[in-house]
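Please read it with the structure open beside you.

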Amino acid sequence: MSTQVSAKLPARTTTGIVLFVLCSLLSTLRIVWSAPNPARPAVDDIYSRSDQRFAVLKTRLPLRGVVGYIGESGDSATPDYYLTQYALAPLVVERSSAHSFVVGNFPSLSPKGIPLNLRLVEDFGNGVLLFANEGPR
Amino acid sequence: MAIALPIGFCFAWGFLLLGAIWPPRQVSSSEHGFRLFLTLGFGIGLFSVVFFVTRLAGITHLLAADSFVTLVLATVYAWRRNRITHPLLIESRSQDFNLPVWLRHALTASFVLSTLVACGSALLQTRAHPHGYGWDAFSIWNLHARFLFLGGDHWREGFSALIPWSHPDYPLLTPAAIAHFWSYLGHDDPRVPAALSITFACATLGLLVSSLMHLRERHAAMLAGIALASTPFFVEQATAQYADIPLAFFCLASMVCLHLGLRNSGENSAHHPTNWSILAGVALGFAAWTKNEGQLFVAAFLLAQVASALSAGRRPSSCDSAQKNRLPIAALLIALAPMLLLIGWFKHTIAPPGDLFSSGSAMLQKIASPGRYWIILRWYGKEFFRFGNWWIVPGTVLLVVLYLALRSGTRRHDPALRSSILTLALTLAGYFAIYVITPYDIYWHLRFSLNRLFLQLWPSTIFLFFLFVGGQSRSLSPDKSI
């Protein structure tokens, strides 16, 4: 059998609940405002574009193992590196030029500061380069 | 259509696992709601574990392995269901709030509105950011999934210290579940991590509301739903493809199972609190398999349960309580053990050491710096007001206001509440200790992680608040079976 327990709410409780709901709905408004405009969808496809940039390079690299990495400096250096690693997985990409193959990633600047021991093997366009390590010089 | 099969496995496994552990009685109508959401979470958790085990064992016939798991679960489920001896329970419900009609309608409309807005915003965010909302999605979680899926026999190479900041020591619930789905699709479709992220957020909201609907009543459940769905940071993270919301789900699931067990213990033998402890143990195991913070939560949960059992044993009025509490704790540990073994094995043989523990002397030096404690305390205080990105009035403050409005002035002795609060407090203390010894710049570390740590506990906090504080000092009346 069911047992019902009822209690009439005091005004304090009603006020508290109303305040709680109203203030919560204010934040619901914030969620509405911060949502992307459904009429003008702007898709952030940086990851897909990154995968496409490295697609041809990926076919020229070994299927497994570790390759080196050099890229631009500045604020975008770290995201650029992770995008490269994400695109080239399951290859491990190490931020070092001490590997037989070294990937160059220069999406916005022309390559500079290339270590002397690296020889350009192929330029895949869009700032994607493949270097071979010719040993310490 | 290729996606239908893994979704079917995932759902079936969650259903069968829950059904096999559920107390041996018929499921009541009010239990169907939270059982559905637990099914989703547990199914994904098991889906992840099975994939990881097949990778470890070098099993390449995934369909055969999944079919075998389904067969085993179905057999256990059928055996357990045949032993149902207890009839359906007619549950008593407390009607705590005798709300005026206009407020009932306003509450229902607000709940529907906030839920629709949260879901709509999450879908729009996912369309705008199909690969997630922040670095961690592709530099940690989805990267690990790619290594598990594309790495073949060499998948371990992805968990290398050569990839800085990829946190190869992080547990693999979400990456392995994603990789399992990808294996059926045959390619790394970005819609899978996106869908998984949203599924966990919906399941968290659904579990919160449906469990309170069962344990308390409709209006408290709707207020809780409004609190969570109106948290902008929760909605943002719902599409981030991080592991914080999956962890929040499993923390909440463990709390829900604990309270279902504790509520029923001693009231009706048909409820079998041990079964609820096993379910809580499974949820805790999945929490530990989701993030390292989940392991901290497990430790806090266990400590709180032991403290609660010891405290019960000291009370003269309940001299057999300690004895009674031992069985659920043992059941919880037994359910948790397989996941802890798997995590221990992963940490010992595959993952490099974590990045948070530096040399002993460096950590001692930090522990002995009072300034660090003060910095962390200040950030905890600030985050209390800033957490959630609420507009104008913070959600934490709103809960305090509602508490003041709802409190009845009488204090209840409630061991379940005490142990739950202790769990949350110990977890927060654990986070605090990690910040004290962090090798990173403390401001940077606090800035980029504290809000997500709070988010992990936010659904559980809301659950506990509306389970206990809004109760007008009346606890539920005992269930009566017919």
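1. In H7(B), the residues B:Phe200, B:Ala201, B:Ala203, B:Thr204, B:Leu207, B:Leu208, B:Ser211 and B:Leu215 meet a set in H10(B) that includes B:Ile245, B:Phe249, B:Leu252, B:Val256, B:His259 and B:Arg263, where contact requires C-beta atoms, placed from the backbone, within 7 Å. The residues of this contact comprise 13 nonpolar, three polar and one charged; Ala, Val, Leu, Ile, Met, Phe, Trp, Tyr, Cys and Pro count as nonpolar, Asp, Glu, Lys and Arg as charged, and the others, Gly among them, as polar.

2. This is a predicted model, in which local features need pLDDT of at least 70 and side-chain atom pairs count only at pLDDT 80 or more, while totals for chains, interfaces and linings use all residues. Residues are numbered from 1 along each chain as its sequence is written, and chains are lettered from A in the order in which they are written.

3. Helix H7 (residues 191–215) and helix H10 (residues 244–264) of chain B pack with axes 9 Å apart, at an angle of about 15°. H7(B) is therefore roughly parallel to H10(B), a term that covers angles under 35 degrees.

4. Between the chains, 47 residues of chain A are in contact with 58 residues of chain B. On the chain A side, helix H1 (11–34), helix H4 (77–88) and strand S2 (92–94) each supply at least two residues, helices being DSSP runs (H or I) of at least four residues and strands (E) of at least two. H1(A) gives the most, with 20 residues.

Notes:
Contact = placed C-beta atoms within 7 Å. Axes fitted to C-alpha atoms, helices over the stretch in contact; angles between N-to-C directions. Parallel < 35°, antiparallel > 145°, perpendicular 65-115°, else oblique.
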